[in-house]
Structures are given as structure tokens and as C-alpha cells.
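Have the model open as you read.

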Amino acid sequence: MISIHLILIAVLAIYSASLWISSKNNLPVLHIYTMIEFSTIMLFYQIVFKNAIDKVWFIVLISGFLVFCVINAFFIQKWHIFNTYPRTLESIIIISTSLFYYYKITKQTLYIQIEKSATFWINTGFFIYFSGSFLLFMLSNYILPLSLKFNMIVWQLHAFLSCVLYCLIFIGLWQRRKA
């Protein structure tokens with residue numbers, strides 16, 4: 001599931017960059033990106049929690065989030081505006097899910113080497129990225145009109161968090177391959 005997530009995200013990032021290079025507004029891509037990112041991450045967690053949480057709850061959660069994103073894009077924060085509400089809600093849900101994963105592994109009676117768990121690394125990547133980006137997503141429409149220099153600093157922090165996320169996903173996939 002994480003491989004599918006990475007492929008879809010890469011395709012959208014390339015398309016978004018091509019729009020940016022041609023000086024076109026690429027924020028509509030972010031609305032689609034948010035929907036795909038959330039759906040694939042929740043499908044990842046559905047696999048992780050297959051013995052703890054019924055699959056139906058993930059389908060309901062994903063469906064509800066997608067409906068909210070579409071309503072937001074058409075009626076609240078239109079396609080050409082940064083979608084702060086879905087990004088913020090996405091962060092809250094993924095942070096909560098990540099914390100639930102940590103809770104579950106602390107309750108296990110079976111001894112595991114956590115540093116060799118692919119899920120641990122990937123979950124940690126999601127936790128760090130969405131925890132660090134939460135305020136940025138929530139306040140981005142207020143931050144964007146401020147100075148260009150401040151904007152650059154904030155988005156460099158976001159880029160750093162993205163690098164941390166993908167490094168941890170890489171470590172997770174590498175650990176999975178070794179197992």
C-alpha cells in the first residue's frame with residue numbers, strides 16, 4: 001500500500017510542478033493530492049490494524065473525508081485556494097491513528113525488535129510529518145499573505161518535514177525487504 005501511495009504522490013507532484021513551471025495555479029492539484037494521500041494512508045492503517053479495527057470503519061472514515069473534501073472544494077475553500085480545513089482534519093486523524101499505533105505496540109506482550117519493524121518506521125514518519133505540519137496547514141491562509149521571507153522559512157520547514165517523512169518511509173521499506 002505504501003508503494004502505491006508513493007507512486008500516486010509522485011505522479012501528482014510531477015503534474016503540480018509542471019503547472020508551477022508553466023506559471024499556472026497548482027492548488028487544485030493539492031485538493032486531489034489531499035484526498036489520495038489520506039485514502040492511501042488510511043488503507044495502510046487498515047492493513048496495520050486488521051485484527052483490531054473492523055475494515056468497515058476505515059471505509060466510512062475515508063468516504064466521509066472524501067465527501068468533506070469535495071464539499072470543501074466546491075463550496076467552502078474553492079479549488080484555487082489552499083485547502084486548510086481538509087489538510088488540518090487529515091493531520092488530526094493521522095496523528096491520532098499514529099498515536100493509536102504506538103499505544104497498540106506498547107500493549108503487546110510479544111517481544112519484537114521495534115527498529116526492525118517496517119510499520120514502526122513508516123508510522124513514525126507520518127507522525128513526525130503531520131505533527132510538524134499541523135499548524136502550518138491550519139494557518140497557511142493567514143501565513144501566505146505575510147512577507148515572502150517568512151513564507152520561505154515556513155515552507156522550508158515543511159520541505160524538511162517531507163524529507164524526514166520520506167527518509168523514514170525508505171527505512172521502513174528497507175526493513176520490510178530485509179525481513
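## Helix packing and aromatic pairs

Helix α1 (residues 2–21) and helix α2 (residues 27–48) pack at about 170°, with axes 9 Å apart. The two are therefore roughly antiparallel (over 145 degrees counts as that). Axes here are lines fitted to C-alpha atoms over the stretch in contact, with angles from 0 to 180 degrees between N-to-C directions, and helices are DSSP runs (H or I, at least four residues) numbered from the N terminus. Residues making the contact include Ile-2, Leu-8 and Leu-12 of α1 and Val-29, Ile-32 and Phe-44 of α2; contact means heavy atoms within 4.5 Å.

This is a predicted model, where local features need pLDDT of at least 70, side-chain atom pairs need 80 or more, and totals for chains, interfaces and linings use all residues. Numbering starts from 1 along each chain as its sequence is written, and side-chain values use heavy atoms, leaving out hydrogens and water.

Take Val-29, in helix α2. At 8% relative accessibility, Val-29 counts as buried (under 20% relative accessible area, 1.4 Å probe, protein chains only). Beyond its neighbours within four places in sequence, Val-29 touches Leu-12, Tyr-15, Ser-16 and Leu-19.

Now the rings: there are 15 aromatic pairs, with ring centres within 6.5 Å; planes under 30 degrees apart count as stacked, over 60 as edge-to-face. Two of them:

| Pair | Type | Centre to centre | Between planes |
|---|---|---|---|
| Tyr-45 and Phe-49 | stacked | 5.9 Å | 15° |
| Tyr-129 and Phe-130 | edge-to-face | 4.8 Å | 85° |

Tyr-45 and Phe-49 are both buried, and so are Tyr-129 and Phe-130.

Notes:
Parallel < 35°, antiparallel > 145°, perpendicular 65-115°, else oblique. Buried < 20%, exposed > 50% of the residue type's maximum accessible area, 1.4 Å probe, protein only. Phe/Tyr/Trp six-rings, centres within 6.5 Å; stacked < 30°, edge-to-face > 60°.
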